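Hi,

Here is the structure I promised to pass on. Have a look at it first, and then read my notes below.

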Amino acid sequence: MTAAPQLIDLKLPDRPGGSAGLKAVLAIPSGDGPWPGVVLVHEAFGLTDVMRRQVIRMAEAGYLALMPDLFTEGGTRTCLVATFRALSAGAGRAFVDIESGRTFLRGRNDCTGRIGVLGFCMGGGFALATAARGFDAASVNYGRLPKELDDHLLGACPIVGSFGGADRSLIGAAATLDSSLDRLKIEHDVKEYPGAGHSFLNDAETGPRVLRPVLARILGAGPDPVAAADAWRRIEAFFGEHLAAPE
């Protein structure tokens, strides 16, 4: 038995339409499994040290936690625009890579087969976009909402969403998502934190240093430990309910 989660860098099997040599990080909880799984989707700045710590956090909460590197084939500068285009289109390499992560977890002997998806920023958009694609629960954190939201959410799994009221890029997003999930009768827990901005779940600032003042001014971006603690409590409770093995 290990005293802390193991964090492993690995490559996932190639999948048609996906990234060649898809990189990922996997965190395995301490103790004995099997555990439910969570595919985490990173923010727009890629699989940074801050994102790696988010993977460890989910393992500490008792989940096999896997974060694929959606920028495997060229890094942030090369892949960012194409990845956002895939998000807007609802199809493309990033979606294949996320599905590769889900398939990888389901194939492990130490996974119960119950798998959630959790995303931050850009990844929050992907978590919402994949909520109707085979996951058992989704955590959408300050993710962009698609047009025709109701159509995109038909058949979606239960969703927990967290947004910052000071994030000017997502004004009204929490209320819009909440209303859509109400109409579709999808189980959910959506909350907006008035004083928090974008990226408030991070434990440190991310992105190029030269851009951080701009991101803080426009998006209110940056850590908010109080809002983050409440959001993590809600996420863990929601996932605990919906990813638990059936009795």
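**Helices on the sheet**

Helix α3 (residues 93-106) lies across β1, β2, β3, β4 and β5, and its direction makes about 165 degrees with that of β3. Helices here are DSSP runs of H or I with at least four residues, strands are E runs of at least two, and both are numbered from the N terminus. Angles run from 0 to 180 degrees between N-to-C directions, with axes fitted to C-alpha atoms, for helices over the stretch in contact.

Before I go on, some housekeeping: this is a predicted model, where local features need pLDDT of at least 70, side-chain atom pairs count only at pLDDT 80 or more, and totals for chains, interfaces and linings use all residues. Residues are numbered from 1 along each chain as its sequence is written, and side-chain values use heavy atoms, with hydrogens and water left out.

Now the sheet itself. It is open, has 8 strands in the order β1-β2-β4-β3-β5-β6-β7-β8, and its pairing is mixed (two strands pair if DSSP finds at least two bridges between them). At the edges sit β1 (6-11) and β8 (188-193), each pairing on one side only. From one strand to the next the twist averages 15 degrees. Helix α1 (residues 49-60) also packs on the sheet, touching β1, β2 (23-28), β3, β4 (64-68) and β5, where contact means heavy atoms within 4.5 Å. The direction of α1 makes about 35 degrees with that of β2.

Within the sheet, β3 (residues 35-41) and β5 (residues 111-120) are parallel partners over 6 bridges. Trp35 stands opposite Cys111 in β5. In the loop between β2 and β3 you will find Pro34, which is joined to Gly33 by a cis peptide bond with omega of about 5 degrees.

**Salt bridges**

How many salt bridges does a search of the whole structure find? There are 11, counting a side-chain nitrogen of Lys or Arg within 4 Å of a carboxyl oxygen of Asp or Glu. Asp9 and Arg52 form one, with their closest N and O atoms 2.9 Å apart. That pair links distant parts of the chain, since Asp9 is in strand β1 and Arg52 in helix α1, 43 residues apart.

**Pockets**

The largest pocket has a volume of about 430 Å³. On a 1 Å grid over the protein atoms alone, a pocket is an open set of points where a 1.4 Å probe fits, with protein on both sides within 12 Å along at least five of seven lines, and lining residues have an atom within 4 Å of a point. Points are joined across faces, edges and corners, and the volume is the space filled by probe spheres set on them.

Of its 27 lining residues, Cys121, His198, Ser199, Leu215 and Leu219 are the closest to the centre. Cys121 is worth a look on its own: this residue lies in the loop between β5 and α4 and has a positive phi of about 60 degrees although it is not a glycine. Helices α2 (75-89) and α7 (212-219) each supply at least two lining residues, and α7 gives the largest share, 4 residues. By class the lining has 16 nonpolar, 7 polar and 4 charged residues (Ala, Val, Leu, Ile, Met, Phe, Trp, Tyr, Cys and Pro are nonpolar, Asp, Glu, Lys and Arg charged, and the others, Gly among them, polar).

The second largest pocket holds about 190 Å³. Its lining has 13 residues, with Leu87, Ser88, Leu145, Pro146 and His152 nearest the centre. The largest share here, 3 residues, comes from α4.

Cheers
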